[in-house]
Amino acid sequence: MSYLSEFLHVVVLSVPGSMFLGLLFGSLLNVVIYRSPRIVERQSWEEAAALVRSPESWALAFGTSSKPAALESFADDLDRTLDSSPVHSLWHPPSACPKCARPIRWYENVPVASWLWLRAKCAGCGLPIAARYPLVELGVMLLFGALAYRLGPNAAALGWALFAAAMVALALIDLDTKLLPDRLTLGLLWVGLPAAGGGWTVPVATSVVGAVVGYCATVALDGLCRMLLGKPAFAPGDAKMMAALGAWLGYPLVVGAALVLAILLGGITAAAKTLRGQSGSMPFGPYLAVSGLCFALVGPGQAYHWLR
């Protein structure tokens, strides 16, 4: 057992080992970023189909059991479309080019190296492969290495590395689709509490208080904006993501600072967009992710000490 422990500490959890692990994890993260919102939206349509079919739901909502014929026709079309469309998960079907649907072979899926070897083009259709894929892999690799360097070769570094990977995934999913999947936000929240119990992050009581403060502060600010400005400031997923950050960062002062930093970053971006004549709503998840990563790299305890 001592040999296994030594192998984990010297090889797997060392800075080079963590960077290699981050490279592999970044490749998986590209799949999560692409497929998670599609899985969520598919489930939403399946729930909508079941809702349209339910006479009880219709009667409760509209006080009558008779539904319009057009709605029944829509439900039939929706069921046929769902039945004919493949069900996706993170593992099935195997990875394929999103443009020509050609399956990606294992040697074309090696992190960073395959993108360089293929010269950033699909081997099937020849269309460009976005540079974001290797950039995500390199970014996660550097985050894993930085956390291993700060914390040393221990389980806490691995826990914070998973937190950092989740931040990257949530930021890019929100940027692409303006969605923050509950599987990631709530999953990160419920992993954060036992991580605190295992001594990886902050004391358990601090983690629980941080989660409550993160969620309540976001909801309170959103309610204030609705009351004063007549429009929401945050989406429900933002409050859940903030609760997850609170579970990991713990200290209310640090959680508040993380929210303030995210708001400042979002405000600067919004001001820049206004100066360029651009309009439209902005996802807030990327700013929460950047803020969370900043405090994770510093360490919640050190950040609390500085803020005091």
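Helices (H or I, at least four residues) and strands (E, at least two) are taken here as DSSP runs, numbered from the N terminus. On that basis the protein chain has 13 helices and 0 strands.

The model is a predicted one, in which local features need pLDDT of at least 70 and side-chain atom pairs count only at pLDDT 80 or more, whereas totals for chains, interfaces and linings use all residues. Residues are numbered from 1 along each chain as its sequence is written, and side-chain values use heavy atoms, with hydrogens and water left out.

**Overall form**

The C-alpha trace of the protein chain spans about 70 × 55 × 50 Å along its principal axes. Of the 308 residues, 38% are buried; buried means under 20% relative accessible area, exposed over 50%, and partly exposed in between (1.4 Å probe, protein chains only). A contact is defined by heavy atoms within 4.5 Å. Among contacts between residues at least 6 apart in sequence, 68% join residues at least 24 apart.

**Salt bridges**

A salt bridge is a side-chain nitrogen of Lys or Arg within 4 Å of a carboxyl oxygen of Asp or Glu. By this rule the count comes to 9 salt bridges, among them the following.

| Pair | N to O distance |
|---|---|
| Arg 42 and Glu 46 | 3.0 Å |
| Asp 76 and Arg 53 | 2.4 Å |
| Arg 53 and Asp 79 | 2.9 Å |

Arg 53 lies in helix H2 and Asp 79 in helix H4, so this pair ties together parts that are 26 residues apart in sequence. Salt bridges that share partners join Arg 53, Asp 76 and Asp 79 into one network. Arg 53 is partly exposed at 32% relative accessibility, Asp 76 is partly exposed at 32%, and Asp 79 is partly exposed at 24%.

Arg 42 and Glu 46 both belong to helix H2 (residues 15-53), where they are 4 residues apart, about one turn of the helix. Arg 42 counts as buried because its relative accessibility is 16%, while Glu 46, at 34%, counts as partly exposed.

**A nonpolar surface patch**

Patches are made of residues with over 30% relative accessible area and no salt bridge; like charges are joined within 9 Å, and nonpolar side chains (Val, Leu, Ile, Met, Phe, Trp, Tyr) within 5 Å. Leu 221, Leu 224, Met 227, Leu 228, Leu 229 and Ile 263 form such a nonpolar patch, together having about 590 Å² of accessible area, as given by the Shrake-Rupley method with a 1.4 Å probe, only the protein chains shown counting as cover for residues. Helix H9 (residues 204-229) provides the largest share, 5 residues. Ile 263 is found in helix H11 (residues 252-275) and, at 34% relative accessibility, counts as partly exposed.
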